[in-house]
There are 2 protein chains.
Amino acid sequence: MDADEAVETIQREMTAFARRARASAGRMHPELSLVSYTLLGHLEERDGCRATDLAAHYALDKSTVSRQVAALERARLVERRVDPDDHRVQVLHLTEAGRRILAQVTDSRRAAFRERLADWPEEDLRRFAGYLARYNAWATPGEEG
Amino acid sequence: MDADEAVETIQREMTAFARRARASAGRMHPELSLVSYTLLGHLEERDGCRATDLAAHYALDKSTVSRQVAALERARLVERRVDPDDHRVQVLHLTEAGRRILAQVTDSRRAAFRERLADWPEEDLRRFAGYLARYNAWATPGEEG
DNA sequence: TCACTCAAGTTGTACTATACAACCAGTGGC
DNA sequence: GCCACTGGTTGTATAGTACAACTTGAGTGA
C-alpha cells in the first residue's frame, strides 16, 4: 500500500464509519442520541455553558441547539440558570440525573469500544488513538471535516 | 498513555468525527449526500447490484434504500434494469452522469483528505489506514458500532 | 434619554434520512 | 395450484437539522 492508497483507504473507512455511527449509537442508547450525548458531555467537561457556545463549538444552528436543550430539559437532564449579569443568557448545567445518565452511557460506550478493541496489541491502540486525535485536531475551530 | 487511555481516546475521537462528518460532507458536496455517495460508490465498485444488497451491506432498511435509489434515478445518476432471470429484481447501474458526478465528488473528497493528511509520514498513513480498516471490519453483518 | 443595533434564544416551517409495518408482485417448492 | 419466501414500494412517523422571522435584553452614540 503506497501513500495514495492509504489516503484512499482512510477516506473510505472514515466515511463508512461516519455513515454507521449515528444509527448504531442510537440503537445502543435509545435514551440519549449521539448529539445529546455530546452536548451533555460538553456541559460536564465545562461545568456549564451557554447554548450559543454549544452551537459555535459543534457548528450547529442555534435553533437546533435550542430544541436539543429543550428536550434535555424536559427529560430533566439539564437545567437552565439565567445569568444574573446578562438576562439574555441562560447558563446550562447538568442535573444529577443528567450526570448519572451521561456516566452510564459513557460506560456502556466504553465497554463497546473495549470489546471491539479487545484483541488489539497495546502498541496499536496507542498509535491508533494518536492518529485519530491528530486527524481530528486538524479542523480549525468553527469548521469541520 | 496506557491501553485504557488509548481506548478512551479512540472512543472520544471516533465520536467527535462521526458527529461532524455528515454535515460537513453535505456542505462540501451539496449535490451528493454522504449516503448517495456511498451507494454510488458501491455501484461503481461492484459494477451494478441489487437494492437489497445495498441495504444489507450498509445496514439500511430496504425502504430507505428504495427511496434513495428513487431519488438517484430521478436525478438520472442510476438506472434500473430488470433482471431477466428474476423479474422481482432490479439491477442498479450507474449512468454516465452518475459516473461523472461520482468521480468529481471522489476527487474533491480525496483532495480534502490529502490536504488534511499532507504532512503525515507515509508510514503513519499506512498504519492509520490499516487500523481503520481493521476497526470497521469488526462489525458482523447487520450490526454496527 | 432615546433610538438604533447587536446578541441570545425561541418558534414556524421545511427538508432529509431513517425505520417499521403493510402491502404488492414474482419465484419456487411441494 | 397453494403457500411461503424474497425484492421492492408506499404510508406513516420520528429525529435532526437549517433558515428566517421574531422577542427580549444590552450596549452605544447623538
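Student: How do the residues of the surface near DNA strand C divide into nonpolar, polar and charged?
Tutor: Five are nonpolar, nine polar and 10 charged. Ala, Val, Leu, Ile, Met, Phe, Trp, Tyr, Cys and Pro count as nonpolar, Asp, Glu, Lys and Arg as charged, and the others, Gly among them, as polar. Mind that this is a predicted model, where local features need pLDDT of at least 70, side-chain atom pairs count only at pLDDT 80 or more, and totals for chains, interfaces and linings use all residues. Residues are numbered from 1 along each chain, chains are lettered from A in the order written, and side-chain values use heavy atoms, without hydrogens or water.

Student: What makes the pair between Ser66(A) and a phosphate oxygen of DNA strand C a polar contact?
Tutor: A polar contact is a pair of N or O atoms within 3.5 Å. A polar side-chain atom of Ser66(A) lies 2.5 Å from that oxygen, so the pair qualifies. For Ser33(B), a phosphate oxygen is 3.0 Å away.

Student: Why is α1(A) called oblique to α2(B)?
Tutor: The two helices pack at about 125 degrees, axes 11 Å apart. Angles under 35 degrees count as roughly parallel, over 145 as roughly antiparallel, 65 to 115 as roughly perpendicular and the rest as oblique, so α1(A) is oblique to α2(B).

How values were computed
Axes are lines fitted to C-alpha atoms, for helices over the stretch in contact, and angles run from 0 to 180 degrees between N-to-C directions. Helices (H or I, at least four residues) and strands (E, at least two) are DSSP runs, numbered from the N terminus. A polar contact is a pair of N or O atoms within 3.5 Å; within protein, one must be able to donate a hydrogen and the other to accept it, and residues adjacent in sequence count only if both atoms are side-chain atoms.
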